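This report describes how one protein chain is packed.

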Amino acid sequence: QLLLGANQDMLDRLHLLDAVEKNSGGHVGYVSIGDPPTYYSFGGGSHDRSSINVQKQQNGSAMDARAAADLGMTIKAMQIIGLSEDDVEGVLRIVATILHLGFIKFEEDIKDSRTDGGSKISHGTEHLLHAACLLGVSEEQLFSALTKRRFSVSGGVGRREAAEMFTKPLDPQASTESRDALSKVLYSRLFDTLVALVNKSLHRGQNIASLGTSRTISILDIYGFECFAVNDFEQLCINLANERLQGHFNATVLKREQEVYLSEGITWSYIDWISNDDVLELIEGSAGGPTRGVRGPAGLFPMLDEHCRLPQATAKDFGEALYKTYSAATSSRSSRFEMTNKLRSTSSFVIHHYAGGVKYDSEHMLEKNKDYVVADHE
């Protein structure tokens, strides 16, 4: 991913939110706060090994040795591409911060004479302290940024009064969303920084702005088509990537190559193939497909984005919009889309990909598609 022209990986940002419980082995955050001690003492005070050494608690000392070796190789790789010691420490600070944030859980704080209500930490107080230390802010500042929202109210049209600032406590759900938003922003900006550093390292002495015309080597990371018992937003993203790969293969190998054979009079056995342009347009809309410029249905992703912009939209609303667009009698029916009454009742739908049909559950798609920056986190 960290190559010339690399884009932010939406899936990695989504995986940040469940990395603590489901995907610990692949995240450098776990390694950077484990053994040896020099890798988790970041100048802001040492961290209590008993409370945060997740690798040791879960996997034992053998994993600690391997994790330390893996971290050593990661640090060496960062140094090879030109990161200074301060840069390396900054990277480890951010990934460790994201991990600590994932351990923080909230519960309702009953309003009384001492509190304004909202949220309090039910689990992970020590992780709030470590995260604040790594970010260089106080524990109180980080807690406030996660559990409160500031907003301003102007004096009104024609009034000279300055806008007045108010603070609103957030409920546990909103605090959790605030925590997740901060984690994704930290990851996103770290990713951008690493991409820029890698590109600079690969093209030392060249003008980065002029690299669009230079020769490049690209690495294709094939996800693999996914179809599980429960398929969510992540599977839809991965399967869209596979549809695009298949479309590229169809266009470059099956279509263009056979056109060359025909033009050169080469005798061969024609290979028949089925276009997947219609499923790409179903997911992305006509603007992203071969009929771009032709007005048609918005597409699943544009419709999802539109519902994310509506404050009260639900998975049921999104499902109904899909049904009216692609399955109802008055809709632009698509043979690639299926939404029976049974599927409609659970806000589920089926997309018939080139590799087969996949049933998707849209219950969490709106929240996973949202990617916003909280002003108080800036």
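## A covered helix

Helix H12 is mostly covered, with 6 of its 8 residues buried. The model examined here is a predicted one. The buried residues of H12 are Val 279, Leu 280, Glu 281, Leu 282, Ile 283 and Glu 284.

Just after H12, Gly 285 adopts a positive phi of about 95°.

## The chain as a whole

The secondary structure of the chain comprises 16 helices and 7 strands. The chain has 378 residues, of which 40% count as buried. Among contacts between residues at least 6 apart in sequence, 56% join residues at least 24 apart.

## Nonpolar cores

In soluble globular proteins, nonpolar side chains tend to be buried together. The largest nonpolar core of this model has 30 residues. Those with the most contacts inside this core are Phe 301, Phe 318, Leu 322, Phe 349, Ile 351 and Met 365. At least two residues of this core come from each of helices H11 (233–263), H12 (277–284), H13 (300–308), H14 (315–326) and H16 (365–369), and likewise from each of strands S6 (348–353) and S7 (356–361).

## Aromatic pairs and a charge over a ring

A pair of aromatic rings is described by the distance of the centres and the angle of the planes. The count for this model comes to 8 aromatic pairs. In the pair of Phe 233 and Phe 301, the ring centres are 6.0 Å apart and the planes stand at 80°, so the arrangement is edge-to-face. Because Phe 233 belongs to helix H11 and Phe 301 to helix H13, this pair ties together parts that are 68 residues apart in sequence. Both Phe 233 and Phe 301 are buried.

The pair of Tyr 261 and Trp 268 is also edge-to-face, because the ring centres are 5.5 Å apart and the planes lie at 75°. Tyr 261 is partly exposed, with a relative accessible area of 29%, and Trp 268 is partly exposed at 26% relative accessibility. One aromatic cluster is formed by Tyr 326, Phe 337, Phe 349 and Tyr 360. Elsewhere, the charged end of Arg 344 sits over the ring of Tyr 323, 3.9 Å from the ring centre.

An open sheet is formed by 3 strands in the order S5-S6-S7, with antiparallel pairing. Its edge strands are S5 (337–338) and S7, each of which pairs on one side only. The antiparallel pairing of S5 with S6 runs over 2 bridges, and Glu 338 stands opposite Val 350 in S6.

Helix H11 packs on the sheet and touches S6 and S7. The direction of H11 makes about 150° with that of S7.

Terms used:
Residues are numbered from 1 along each chain as its sequence is written. This is a predicted model: local features need pLDDT of at least 70, side-chain atom pairs count only at pLDDT 80 or more; totals for chains, interfaces and linings use all residues. Side-chain values use heavy atoms; hydrogens and water are left out. A nonpolar core is a set of buried Ala, Val, Leu, Ile, Met, Phe, Trp, Tyr and Cys residues joined through side-chain atoms within 4.5 Å. Buried means under 20% relative accessible area, exposed over 50%, partly exposed in between (1.4 Å probe, protein chains only). Helices (H or I, at least four residues) and strands (E, at least two) are DSSP runs, numbered from the N terminus. Rings of Phe, Tyr and Trp (its six-membered ring) pair if their centres lie within 6.5 Å; planes under 30 degrees apart count as stacked, over 60 as edge-to-face and the rest as tilted. A charge sits over a ring if NZ of Lys or CZ of Arg is within 6 Å of the ring centre and within 35 degrees of the ring normal. Two strands pair if DSSP finds at least two bridges between them. Contact means heavy atoms within 4.5 Å. Axes are lines fitted to C-alpha atoms, for helices over the stretch in contact, and angles run from 0 to 180 degrees between N-to-C directions.
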